[in-house]
Each structure stands twice: as structure tokens, then as C-alpha cells.
Amino acid sequence: MGKIVPIKTQRAEADKLAAAISEIDGVEAEVAERVSGTNPRPVVLGNSSPESWRTLAEKLHSEHGVDYCSMVTGVHWPEGDEDKKWEIVYHLMRTGIRNPPIEDGLVQPVIVDPSTVRGSGTPLELELHVYLPETRTPSVDSVQDIWVGADWNEKETWDLVGIDFDGHQGMRRVLQPHETPKGFHPLQKQHHLRYHDFQDMYDDSQGFMRKPADAGKIK
Amino acid sequence: MSYKANTGHPHATPNFRNLIIRPMWMTLKTALRTVPFIGKLRFLKNDYHGKPTVMVDQATMDRVGSEHPSAGQKFAPDRETSQVMPFVERPVTVMYPYERLEDLEPWLFVPGNYFGRIGIVWETCTACKLCIHACPNDCLHMTTEVRVNVLELSEDGDEWHGYGGELEEGGYAAREKEEYHDIAASFDLVNAHADAPQQYDFAEVIEISGDKATVRWSDGSGIETVDSTSLKPAEQDIVSGQIDLGRCMFCGLCAEACPFESFFMTNEYDGMSGFSREELWMDASRTRVLPAVHQERVDMELAKRAEKEKEKRARKAARAEA
Amino acid sequence: MIHMASGDWLNIVGWSESLTSWSMDNVHDILPSNDIDMQVTIPSTWAWPEPITMGPIFNLQQGFASIQPALESFMHATIMCTVVFTVMMLTMLAIPYIERKFIGRLMDRLGATTTMRSLWVGESGVTAGEWWKQLPFGMGIPIGWVVNLLNSYWGNSHELETVSRVNNRSYHGYWFLLPGFFQAFADFMKFATKEHIVPKNADKVVFETAPVIILATTIMVFAFVPFGPHIYAANPELSLLFMMAIFGVAPLGVFFAGWASNNKYTLIGGMRSAAQLTAYEIPLLITVLGVAVLSGSFNIIEIVDFQMGQNEGNVWNIFLLPLGAALFLITMIAEVERIPFDMPEAEAELVEGWWTEYGGIRWGLMFAAEYMRSYAACILFALFFLGGWEAPFQHTLAGLPIVGGTFETVFTVVPGLVWVLIKAWLLFAVFVWIRASLHRVRTDQILEFGWRYLLPLSVVNLVVATILRLEVWTGEPWDLWVPVALTLAALVLFVILAIDEDEEALEVQRRPYSTQAVVKASPGSHRD
Amino acid sequence: MAEMWISMGPQHPMTHGLWTLKVKVDGETVVDTEPDLGYIHRGVEKICEARDFTQITTYCDRLCYASANTWSHSYIYAAEDLLEVEVPERAEYIRLMAIEIQRIASHLMWLGAYGPDIGNLSVMVWCLREREMMMDLLQELGGSRMHYNFPRVGGVKRDLPHGFAQRARAKLKLFLNRIQEYEALFDESTVFLVRSQGVGYAKPEEMVNHGVTGPNLRAGGVNYDIRWAHPYSVYSELDWEPPVERSSIKGADCYDRYRVRVEEMRVSASLALQALDKMPGGADTHHEPGDPMILAKAPARAPEGTTGAHHFEDSRGESMFYIAGGGESRGKQPYRVSIRSPIFITIPFAAKCMIGYKVADIPAIMGSFDPCIGETDR
């Protein structure tokens, strides 16, 4: 039968990890259960204060072997309660991947047997929330140098949601055209989807009739 | 000639053997397979073109009948079925205007399964607008109007008397205008160059208590409590429906959302082209499906409504005795 | 200067020579033979003591006689050039046709198969009727059988009128034309009428001269390529050297085009063409040298005569120099930049390589030039290695006891040109076959491949050729064991190299145990 | 030659979609690269905030148009986590089969495009010939050829049509023995080996740190796969293992990535066949749409504060959906949908991989990472 990581070992490892990172002040974590379709799977759900986020990230990377940053999500809660106006969700994973050993000039592939995986090798899923109070310029410490995978995630989050990352090298717009005006971040809730009525959607769907941005300027 | 040294790669080291022999032998075999009679030789291991397999299932056979063009055809998994050259290896391509895929492979176009043009049975549509809310791209547009159902106009003695609806809270009501009959009698629509005189004043029923009903007149003359016997129940009916096929992506959510079996995804895939987006605005006539096409489901739907009507009757009667 | 090559009735050179000399003699006779005195003498006066005589006395006929040989050779040369050019252009029309039909099959598409049908069965009911019935004494009956057979197999009538319509190339009535044949002409007309665009700050002079260089050198190659014993535009003593030299000039034009188009992609394309030149040019020349050494002459016609001559070599070079034939094929593919070696025009990264910026007639001519070069390469292979205009096993077949006679007449009736063309077209099919099955090599890889493998092998081939020529050849035709031994050795070597399994590599690439999928393929383990 | 920037612009045969790769070239060697994405950014995440849960599936079909099914399923698993829906067993088997057939079609599209990238044109025609078979199967399931809108929250929209099982088995078995044809053109052709081996090295640890997953990661000799690491669906009931490639010492190169994907096509075909055999209720029975055997009742609203997340093994890597509930119309629409595209993270890594190789290697390396720009720009 297809072998998968047993839930028990994963839950045990998740509890251990949750306990470990709850010690850091400003961070509390617990193990939650996510069921998509048929299989339940344990997820380390934690939230950390913006100040202690950087230390948490470094500790996760160095001590707990969390080596993979899957996604960074920025959420804008304009009506949220006072200190939860902006939320950044880091989806991290512990994969336990090492470079395969090289014996007599040949690479020996690392074939992990899921059913007998133990200890720090068990793959784990983390979801860390960082909340920010109401500010014009929400920003969190960047983890670009810890997980390079987070680099373009942070660029995309800033580009679309407007959450800045201190210490991020080369922050630029990736998904939107480069000449998008400063401060325009579409996923913020004040921007609403406008259903183009039939007429103006087709008459000027590409916006040719609209005057160009530099109209009137001497070129 | 081993490249292992510089690529450090354990696998499939390039050597004379696979320099040109294997790829060229494979392309030559592919070419020989397309030659009419040589292609069937065994050493070419031709399980490629036209490998006969039973592909048509019984349900499709019954639906399609025996004189369907695909009846006498031998099928193959890789669609070697088109009949352009009966004896020579058949090309995979279907010569579209002259051959149609539903003739060659009928199981791909099972009526309910294939998402072609949207077909609507306008007769059973009750303007509930569920399909409009279901459409992700807002392609469905519908204009409705409040009307009195024809069943309300029956007097005692007519055989369909008593089947009309009842006043409900939140529904619509209509009261006949007094002077309507004499105006209508002298009204000559052809030369009058004016709208026909309105027969009813419509209103939304706010609440019904005993034989009194408080209604809000839709012509803005405010809320009034009226004797409910003078009110007739009214309902929203569809006037016209449009589908903007320029925006439609044929996802089928509207067909799923319609509770009244009046929305179907037909098998047609080629009648929907136009030179401008206005032409893709399909009105009722171009998206119509005749009830006869889905006769059994339309009948089932009408039976269900009649069933509901009968229960309402029974409940009213029970309440009348209590 | 050159002894009479093998007899062949299609002696266009002879006809043209006799035509020019006959016509020039007639002109000479027509001219007035008397002297025409145009002299004028001015009597002496006080200014100049002696009388001055001016003006020529000339004789038209003698004057013409003095320039007659030059005129004759000029007229002969022009006639032969036009004849060779038309022969080349007409026979080249088969090349794109072969490519279209054969590449379709190799790619498992059937290619335009409908053309076959309309040839035999006419179109949309409009056929020539049963014309064979008009032939006298019922001679046409067997033709009728054949046509009906083909009609039944690749029948054109189908119960669905619409389906038959698909197959009728002549639905609009011009049934008699060879369908698809005029596609080439239509394309050319389109190129000719397209606008000529020069990139903004391109190097205009070089941009214009590049296509000229490429096209001129390509056509000049055909000056020295003999289509038959007596069909050539020029036949200098060292025609092989001339031809090889001109063949190698086109990459220079490619480099110019790449540089002049002021486009980064074309620049890289041009650079690649120049780099690639160094890789294959030298092995190509050494291989051709090997052939020349073996045949003992630098004149292509003599090389072919050596291969087919009863009293000279009488063995095709392919059996004597199999390695040389393989090397020539590889280097020729690199020369004409076809698929395994078409980095200058690599679609994937360079979009269209060095001719991205060209359009209209220039692009059309350069595209035609590319096909001309491939065609020239095929003809050269036929001439050097497949015995030019000698039918396969010509003498042995002719020597057969009973049947020999008919073969004899066939070989005398059929001109040498036909055999050269058949061999060239078959070889172009091999080019297309290689194009359908191999990927494109990188530029540095062809340099490495050229210098590390082609060059040493071509030198080995040259050594083999010289040993054969000096030691083994005794003046009269090769005795049988020489070609047989060489070809057998080559075949055995090929089979050994082809079948040998690199055990160590096979063991090393043992599939990691995790992939237990149904049937695993890896080189060597998959007999097919 | 002096170094110059070449823009392998949005309109370029190498890009398999619409993005620009600016390459700094010294002669033929690549010195520096800079990818530039966002040309077809449609704002799917913003649109999803204004649509309810069933409607979003149609947009997720159009994220990566070459493998529509895998993406709509990836979203549906996250939505089921959000709405806490228990999916019936038979629906899971149907979904698994649909995903695996779509994975084969996606890999065939990749292999077909990879051939011309390196110069061989006939492999494109062969691959699309097989992809046609897979698209016929998916057309029977979903109703159209490219975008199927097949899964629903709580199951699938429709059961297998009549006779589907016999056709699927015939096509998958025929496909299994046609793979050797591609391998003869790729695996056993020195020109391809020379062009792909030793090109675009990448070590597994470096890849994980850069966030590259899926076949690209397994090419490095590590058998990490979301299907067993964070299990979903019924992969545990079927007999399969993720294919892994024994890479070279310096790391996984283009040849390994090609090998892994061809093996993965075989594994997917055998998975689909097993799913057909082991389907509860038998593959030949047919249930009406909406039957509880294939579709469970699902709540339409997600209250404020609830979240759903799911990591999914897409044909190009790990795709993930994170949905925060509680949007407009009292929770019928999500508050925020966040989509992780594997190729959005792999392209910057691939651009780094190219430094030091030749211009001719750019399409080879970029093609081996199987970019699909629809999902990148969302």
C-alpha cells in the first residue's frame, strides 16, 4: 500500500515543536488539525508579535530545521479589532531534505520510507501569523536571507498588499507593471471590484480613450 | 567516446551506440507505420494506429441508434477513426466542416455531459434569478415584470378555478383598478399611440392578519391596509433574457443552479460566432431549447409543481375546517 | 586536354560546341571578305612637311576571324551556364517536395496524402474519362486495370460528397495541374513582392552585400558540378578545388548578414556560423582530398570516370572509403547548416538566427540558396561516393547472359543525368531523415566534436586512401577482395560500436529502487 | 565581445508563455540574468474575494491552463478544509484519477515543447498525439477540453460516464507502451544527452531553500513529495512511489529533470489504472449528479475567523491555497484567497541556474523547469 507519514508521529513532532517555540516571549503556538477531504493532518499554528518574529524565524531555521518557506500571505483587516488591522501569515515547512550522500563517485538517492520516518526527519507544516496595528506603512522584518524562497513571496506581498519588509534587498514590483503609481496595492480592502457595465467595458476595455499618464507634459 | 568525465553524470553516457542509431530507427519506424500495408508488419510492433478496441458503450449505442455514421466504424484509443481514406491509414485529424467529431466519437458528446452552447427552456423559467447569481462572469441578464397569473382570473364554474396561488407575506399582490373596464372598452391600441391602460395596481404584501393585509403600493403611494379579498396574488415573470456569450466560459454553474430544469448545456459548439461582441449577445431566440427536446424532464418539473399545488390546496382546505 | 569521358548520348557540351562553331563559321562566311580602305592622306603644307595618312584599312572577315575563338567560347559558356542553371532549378523542385512529404511521415503525420489520389483518379468527376480505351488494338486495357485498382484503393469517391470534396484538389476546376506543385512558385512570387525593410541603423552596405555573397557563391558552386559526363558549365583541370573553395565562402556572407542587421540575435547567429566554419571545414576538405587521392585527379569528371571506368577503378568510392562517406555526410550537414548543426539559425534561442532582419526577395533568395546548397551537397556525395552517372551494378547487369541485352539498352538509353538525380534525391531523403530524428548541437560542442573526432578520422581516411592508391592499386580495376574487405571491416566496426554495451554505465544507472513503475526504459535495456 | 544585455522578451519561442528574461551575455556565455514577470497578471486573488466558493473553481481552472484539473482540485481541498466537509470515498478515487490523467497531459505538453526547445520537431507531434487521448478522457469527465470545472466542495460534479472505465483503461495502456518512443528520441540520442547533461546544476538543499519543489526537486535524488509528506486524498490506498532520479555529483541537471518527469508519467498512468480498479462501487456503475456517493452536502458560508489551507502536489511543484473565511454576503465569499504558484518561485531560481552556461542552454534549462506562466502571474 502507498506509504504516507503516520498522523501520530507527525502530531508528536508538532507538539514538541509547538512547545519549543512557545517559550520565546511574544510567541504562542499550538497544534491544530486541518482536514482537507479525507486525511486529517496536524499543523503547528502560532502567532508571534512583530518584534519577536525575526528571532523566531532564525530559531526555527537553525534549531528546528524548518528549511522551506512555502508562502507569505498578507491580509488587510480594515474593520478588524485594534491590533489586528494587518495580518501576515507565514506558511513554513520542515522537509528534512539533505543533499544525498556521494559514495565512490556516485550519488546515492535518499529514499525516505514515509511510514518509518522519525524525529527531526518527519515533515511538518507550520502556519505563523503576525498581526500589525493600524498604520499607514505596515512592515515586518524580512526573512529573505534565512529562506531565499521567501524573497519573491515578500516582493509579491508588498506589491499586492502593501506590507513592507525591513531589510529586504531589491524590493520591486513583480506582478504589477513597473509604472504602477506608488502606494497602489490592489489587495487592500479599500479597492473594490468594479463590474464594468456592458457599454464602457467593451467600448474602452483597453483604455485607449483614456488620456495617457503623461498627457500634457512636454515630451 | 564517453562524456562521463566532464559531465560527471552516471546515467546514459553518450556513446556511439546511441549517437544516431536509436533515434533514427525510431523515426523510420514511425514513418513506415504510416505506409498503408507495410505499416501493419509485425516487426514494426504497430500497436499504434487503429489498434481495434471496444470503445462505444451500450448507453451510447442505444442513444445513437444503428444508422448513426459511427455505427459501422472500428474504433481505436488514439482516435484513428475518421473516414477520409477508408483503406489507407486514417489520419487523426477530423476534417471539421465535412466530418464532425460527434459523428465519429459519439461518447464524447453525451447530451448532459458536453458543455456546449447554453440552452434554456423559457417555458418553465420562473424568473427566480438563481442562475444570474450563480454565474461567475455575470453573463446572464434578465428583465422581469410583475404580472397576475392567468389562473387567478377564473370564476367559479371554470374547470381550472381554484388553482391559482395565495397571498403570501413578502409576495406581490394586485388590485384591479375600478375605471379600468370602461377605459379598456374604448381604448383602441392601434391609433392611440399610448401605452395600454394598466389593469392592476401592484403592491408588495407586508403582512396578512385574518382578512386584512397591509401592502406597500409599488407606485409609491405608501403603505395601506386593505381587505385581502380585493387583492389577487401576483408574481414576477420573465420578459426577456440575454446571455453575453462573449463573456461566458461554459462552466455550467447556471445549469446546476437552476432548480426548475429549464437550463441545459447543449451539444452545439459551432453556432456561436460573430464579428462583434454585440453579436455575441444572445437573446432568448438564440439560446432556446424546445421543451420537446427534454420532454421527460420538463414533464417531471410540471408534475412537481402540480404536486406542490395539490398540497397547498389540501393544507388550505385543512385550515379551513380547523 | 581531357580524354573523352564515358560515352553518353546526352552530350550537351558537344552539341553546344558544334552549334557555336557552326554559327560562328556562318557569320564569318557572311561577312564581306574584301578589304575596306578607309585611309585618308592630308597633303603636306608649309606647316607639316610630309603628307599625313590616317584611317585604317581593315577586313571585316579577318577581324572577325581573329575574335572568333573568344566569341565562340563566350557563346558556348553562356549556353552551358543557362542549361545547367535550368537543369538545377527544375530538378531542385523535387527537394522541398521530398522534405514536405517525408518529414510528414517521419513525424507520424500523413503529410498531404491527397496529392497522390488526384494524379490517378482525376477530380470531382472530371476525369480524362477512359482515355486508354482509345488506344488501338486494346493496348490500353492493362492501363485501365491499374487505374481502377488504384481508384478502388485510394479511391476518390466517397459516399459523403462533402468528404470527397475535401480530397479534391481541383474543386475549383483546374484538375489537370499537378496539385501542390506550384506552391513553390507562389511562395517565390510572394517573397518577390514583399517590401524590403532595412533595420534603422543597420550597416546598410554590408546588409545589402551579404545576400549577394551567399547567393553568388551558391550558384557558382553549380558551375563546377557536372550533372552528367557532358553536362557541365565549366570543367577546369582542378574543378574540385574551385568548387570546394567557393562552397566555403557562404558562411562569410552569413557572418556579414549577422553583423549588419544590427540585432543582437543575428550577431550571435553570425558569430556561430563563423565559429562553426572552423569546426567542419578542415575535416571536409581532408575527406574530399582523400577521394581525390584515391581517384587520382582533382577533376570531378575524372573522379567519376575513375569510379566507373572499366579499365580504371570500376568500384564506387563508398565501398573503398566508407569512413570517408560518413565523414563527408556529417561535415556536409554542418556546411549547409541543417538540423543537428543549425545553430546559426537556431529557432529556440535566436528566433531565426542570422536572417531575422531580412524580408522579401532577399530572404526568399537566401532561403532558396540554403536549399541549393543542400542540393549541391547531395549531388557531390553522389558524384564522389556513389559513382556519379553510373547506374548501380551497370557492368555486371549488362554482362548477364540472357537479360544482359535489355539492361544494355536501358543503360545506353537512360542518360547519366537521371542516375545522378536519383542518387541525389535519395540522399536528400537521408538529410530529411536526420533532421526529423536528432536535436541541435551547441556551438562549442560541434567545435569539440569537429576537432576531437572529425579531424583525426578524416586524416585516418586520407591515410587509408593513400595506402589504397599507392600500395593496393595496380593500375587496372580493383580486384574484388579490396572493396569487399573494406566495406566488411567498416560494417563490422559499425556493428561492434553500435551493439557494445557499456556494462559499467549500465550497472551504474541501475534505477533507484523507488521507481517501480510498469516498464522502465533506459539505453540498452530496451530492445525494440 | 563586450558584455551586452539581451532581452529574451515576452514574445520569444523559449518562454512558453509571456515573460521576459533579460540576459547579460559575454560572447555566448551568460553572465547575469533578470526575470521580469507580471505580463498576464489577472488579479485572480482579488476576483476570488468577490465570488462564492463554487464559482472560484472556474477561475482556478484557468490558473495554469496546461493542467487545469490539478489547480481546481488544489483549491477545492483548501475550501473543504475551510468549510469542514467530509468527502465520500468514491469521489476521492474519481478525483485522484482525474488529477493523475491531467498530470500526464501536462507532462506531455511539457515534453512536446521541450523537444523543439533543443531542436527536434517530431517529438512535439508525437506528444500531442498522446495528449489528445488524455484530453478526450478529461472531456468525458469535465465537459470541455481544457477547463473542466470538475470538482465541487464536497466531491465531484458528476460520476464517471457510461463506458468511461473501458476507454480509460485502453488509452492508458496504449499510452504506457508509447513512452518508449519518446525515450528513443531523447534518452537514447547522444545529441540530447550532450545538450542536457551537465547543464543547469542544482543541489537539493539549495533547491529547498529556494522553495523549488516537485519533479525539479526529486531530480536531485530526494524523494520528497507532498502526496506522502502532507497526505491528502487516497494516495495511501494505492501502490505507488514518487520517481526519483540519481543525479550527478554536482546536482540535478536538465537530463535528470527530464528523466523524473517521464517516470512520473508512468507512475501517474499506473495510479490512474489502480484508481479505476479499486474505486468503491466499481468503475462501471453510474450515479446521478449530486448523489451522496459522489457529492457531500457542503455549507455555503464560512464564518469570520475560520481559515483553510492545503498543500497540493501539482505537476510543476507544490501549489498551495490559503483561504480566510468571512467575506461579503455574510460569509458566502472568502475574505482573502492566497495562491502559491510553484513556478513563480522556480523562475528566479532557474534564472540563477543559467549563469555560466551558453546562450544555447537558456531554452534547455528554462524548458527543463517546465514553466507555466498562467499560474505564475495569477
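## The hairpin in chain D

In chain D, strand 2 and strand 3 form a hairpin with two residues between the strands, and D:Gly27 takes a positive phi near 70 degrees there. The model is a predicted one.

Strand 2 and strand 3 (residues 29-36) of chain D pair over seven bridges in the antiparallel sense. Within this pairing, D:Thr20 stands opposite D:Asp36 of strand 3.

## Strand 2 and its other neighbour

Strand 2 of chain D is also joined to strand 1 (residues 4-8) of chain D, by five bridges, and these two strands run antiparallel. D:Met8 has D:Leu21 in strand 2 as its bridge partner.

## The two faces of strand 2

In a regular strand, side chains alternate between the two faces of the sheet. Strand 2 (residues 20-26) of chain D has a covered face made up of D:Leu21, D:Val23 and D:Val25. Its uncovered face holds D:Thr20, D:Lys22, D:Lys24 and D:Asp26.

## Helix 10 in chain C

Helix 10 of chain C spans residues 250-260 and is mostly covered, with 10 of its 11 residues buried. Among the buried residues are C:Val254, C:Phe255, C:Phe256 and C:Trp259. The buried residues also include C:Pro251, C:Gly253 and C:Gly258.

The cover over these buried residues includes helix 8 (204-224), helix 11 (264-295) and helix 16 (360-385) of chain C. Just after helix 10, C:Asn262 takes a positive phi of about 50 degrees.

Notes
Residues numbered from 1 in each chain as written. Chains lettered and ligands numbered in written order. Predicted model: local features only at pLDDT ≥ 70, side-chain atom pairs only at ≥ 80, totals over all residues. Buried ≥ 20, exposed ≤ 12 C-beta atoms within 10 Å, placed from the backbone. Helix = DSSP H or I, 4+ residues; strand = E, 2+ residues; numbered from the N terminus. Contact = placed C-beta atoms within 7 Å. Pairing = 2+ DSSP bridges.
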